[in-house]
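Please read it beside the sequence and the coordinates.

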Amino acid sequence: MLLSLPLAVGAQSARSCCPSVKSVRMTLDEVWDAPAVIRLGSDDVLHFSFDELSHVYHRYTYRIRHCNADWTPSELLEIDFLDGFNDVLVEDWENSENTSQLYTHYKFSIPNEELQLKVSGNYIVEVFDDEQSDESPVAVYEFSVVESGASVSAAVSGDTDISFNDKYQQLSFVVAYPSYVTSPATEIKPVVYQNRRRDNMVSGLVPTYTAGGKAEYVRNERLIFKAGNEYRRFELADPNSPGEGVEEVVYSAPNYNALLYMDKPRRSHSNYRDENGLYYVNTFEGYGTEIEADYVNVHFALDIPYRSGGDFYLSGDFCGKGYSEENRLYYDEEGGYYFTSQMLKLGLYNYQYVWVPSSSGRADLSFIEGDFYNTENEYLIYIYYRGFSDRYDRLLTVCRINYNPERN
């Protein structure tokens, strides 16, 4: 059974570019798990936030730019996509209260009184520290603005063109496009994400059939995804009490340290529910509080012998959807396992372990997590349009479909 939910949602990305900047997040209308897509001309508001690990005020400003479907800069000028001013000061900030780790919480929203967005498509917001000589951003957010110019119907099946109820899931969908589209094969540009990941997204698709204002994308081997496994998860809402997946919490000045249970490679499908890689901030003392949740140094351990020819990384929304040095695991020769640590705010977190071979640089979740056709996965289908004389990719619609054969 299948539940298909066409919604205005998308594949979000928020990441830190500075060691002292943590918990870089954005939420749509303050719903913690809603992907970051604004409906053009609506009352939707995106809320952006991050923490800087001190009580020293920093003068942060943010700058917004428009991008194409592949996240490269579009040809539009600011006046084409922005109504208002760029380089806006982040004026809303608060110091943390009653936390072992001092931090300052900064936040802003888009649209706001100083700027509104005029066209659909992809956008990047970069946050800069005006007191630093380095012109690199300290945080980067990626989101989208969607029109209402098309619709999508979609389905996912474990019965694929290469296997039956084994390691894969196959997506198919039909796009009903507007009358101004004259060449759907070249003007319609679908982009597909699995669990909002960027490393295995699919683009450059050609329709199987086009007729009657519809473009069908069916029986396409490029729409066959490795099914993966459910995300691992842990919850820590009180630094004085271990939560789900946490073996022990100890205080070693100046921070609390949480030791997760040793993880092992998985050879069967996990029946635990997950949040498809997302996380949220949570404390027993003040649910969802922005300035009362403490930071804890979380220690991860993977019980597997040393493997040459690549590296293991943590994967999850809290990692910024990338495989950087900060997310890499190191091998403990004496203990015979891989390990790493992350300074994380109290809350619930999803994560997986990824193997990245040096030869290809392409992430492989199968090696540690396995692939099982009945894994619950979310698929997001973005439908962009670019006419012959257009200077940017318009986002006509976004469809969300959740495949869960065991619950539906």
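## Basis

Helices (H or I, at least four residues) and strands (E, at least two) are DSSP runs, numbered from the N terminus. The model is predicted: local features need pLDDT of at least 70 and side-chain atom pairs count only at pLDDT 80 or more, while totals for chains, interfaces and linings use all residues. Residues are numbered from 1 along each chain as its sequence is written, and side-chain values use heavy atoms, with hydrogens and water left out.

## The loop between β10 and β11

E114 lies in the loop between β10 (104–110) and β11 (115–117). P111 is in the loop between β10 and β11 as well, and the peptide bond from I110 to P111 is cis, with omega near -5°.

E114 counts as partly exposed because its relative accessibility is 40%; buried means under 20% relative accessible area, exposed over 50%, and partly exposed in between (1.4 Å probe, protein chains only). E114 also belongs to a negative surface patch, together with E91, D92, E94, E97, E113 and E292. Patches are made of residues with over 30% relative accessible area and no salt bridge, like charges being joined within 9 Å and nonpolar side chains (Val, Leu, Ile, Met, Phe, Trp, Tyr) within 5 Å. A salt bridge here is a side-chain nitrogen of Lys or Arg within 4 Å of a carboxyl oxygen of Asp or Glu.

## Nonpolar cores

A nonpolar core is a set of buried Ala, Val, Leu, Ile, Met, Phe, Trp, Tyr and Cys residues joined through side-chain atoms within 4.5 Å. The largest has 35 residues, of which F108, L117, Y141 and F143 touch the most other members. Two or more residues come from each of β3 (21–28), β5 (46–52), β6 (60–67), β10, β11, β12 (121–129) and β13 (139–146). A second, separate core holds 31 residues, including Y279, F300, F318 and W355.

## Other backbone features

Most residues other than glycine have a negative phi, and most peptide bonds are trans. A cis peptide bond runs from A253 to P254, with omega near 10°; P254 lies in the loop between β21 (246–252) and β22 (255–260).

N165, in the loop between β14 (151–157) and β15 (168–176), has a positive phi near 45°. At 32% relative accessibility, N165 is partly exposed. N276 has a positive phi of about 55° and sits in the loop between β22 and β23 (279–281). N276 is buried, with a relative accessible area of 12%.

Terms used. Accessible areas come from the Shrake-Rupley method with a 1.4 Å probe; for residues, only the protein chains shown count as cover. Lys and Arg count as positive and Asp and Glu as negative; His and the chain ends are not counted. The place of a charge is taken as NZ of Lys, CZ of Arg, CG of Asp or CD of Glu.
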